[in-house]
Amino acid sequence: MQNEPTAQQLKDIKIIAKFTEVWCVGQQHSGQQPVAAYPELQPLTLCPDCAAFLDYAVKKRLNCPLEAEKPTCRRCRIHCYAPQQRALVKQIMAWSGRKMIMRGRLDYLWHYFF
Ligand code: SF4
Ligand SMILES: [Zn+2]
């Protein structure tokens with residue numbers, strides 16, 4: 001069973017979840033419905049593919065083998081994502097990052113981490 005997430009893990013999960021939702025809604029994917037990315041977080045609006053991607057990303061974050069040093073994923077020396085998900089997360093972070101900046105959410109700029 002998974003241990004309780006740390007505050008940093010929850011924060012990172014919240015960020016990837018938000019970016020994924022901005023991507024899914026902005027790209028007008030079909031079949032969106034409320035999805036719980038993590039029990040402590042508000043439900044998100046996601047299509048099944050984005051929900052599956054987010055589930056993958058959450059698992060990766062919770063099981064990061066570099067937790068002690070925790071680099072940003074972008075600067076990671078391992079890159080634990082499979083090639084397909086890694087390509088997707090880069091696309092999501094770049095696209096949603098630009099959207100967030102356009103909306104004045106500069107607080108998210110720092111988290112442009114893929
Ligand atoms: S990419 Fe690197 S830092 Fe990010 S979760 Fe995977 S191992 Fe950890
Ligand atoms: Zn989607």
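**View 1. The site of the zinc ion (ligand 2) is tetrahedral, with angles of 101 to 113° among its 4 donor atoms.** Four donors count as tetrahedral if all angles lie between 85 and 135 degrees, and donors are N, O and S atoms within 2.8 Å of the metal (3.2 Å for Na, K and Ca), with water not among the atoms, so sites may look incomplete. The model shown here is predicted, so that local features need pLDDT of at least 70 and side-chain atom pairs count only at pLDDT 80 or more, whereas totals for chains, interfaces and linings use all residues. Residues are numbered from 1 along each chain as its sequence is written, chains are lettered from A and ligands numbered from 1 in the order in which they are written, and side-chain values use heavy atoms, with hydrogens and water left out. The protein donors of the zinc ion (ligand 2), at 2.0 to 2.3 Å from it, are C24 (SG), H29 (ND1), C47 (SG) and C50 (SG), and along the chain they follow the spacing C-x4-H-x17-C-x2-C. Because H29 sits in the loop between α1 (7-26) and β1 (33-35), while C47 sits in the loop between β2 (44-46) and α2 (48-62), the pair ties together parts that are 18 residues apart in sequence. H29 is partly exposed at a relative accessible area of 24%, whereas C47 is buried at 4% (buried means under 20% relative accessible area, exposed over 50%, partly exposed in between, with a 1.4 Å probe and protein chains only).

**View 2. The shell around ligand 1 consists of K60, C64, P65, K70, P71, C73, C76, H79 and C80.** A residue is taken as near a molecule if one of its heavy atoms lies within 4 Å of it. The shell divides into 6 nonpolar, 1 polar and 2 charged residues, where Ala, Val, Leu, Ile, Met, Phe, Trp, Tyr, Cys and Pro count as nonpolar, Asp, Glu, Lys and Arg as charged, and the others, Gly among them, as polar.

**View 3. The count of aromatic pairs comes to 2.** Rings of Phe, Tyr and Trp (its six-membered ring) pair if their centres lie within 6.5 Å, and planes under 30 degrees apart count as stacked, over 60 as edge-to-face and the rest as tilted. W23 and W95 form an edge-to-face pair, 5.7 Å centre to centre and with 85° between the planes. Since W23 belongs to helix α1 and W95 to helix α3 (residues 83-102), this pair ties together parts that are 72 residues apart in sequence. W23 is buried, with a relative accessible area of 8%, whereas W95 is partly exposed at 21%. Y56 and Y81 are likewise edge-to-face, at 5.4 Å centre to centre and 75° between the planes. Y56 lies in helix α2 and Y81 in the loop between α2 and α3, so this pair ties together parts that are 25 residues apart in sequence, and Y81 is buried at 13% relative accessibility.

**View 4. P34 is found in strand β1.** P34 is exposed at 70% relative accessibility, and its C-alpha lies 9.5 Å from that of A51, which is 17 residues away in sequence. The protein chain has 3 helices and 2 strands (helices, H or I with at least four residues, and strands, E with at least two, are DSSP runs numbered from the N terminus), and these elements run α-β-β-α-α from the N terminus on.

Notes:
Tetrahedral: all angles 85-135°; square planar, octahedral: opposite > 155°, others 65-115°.
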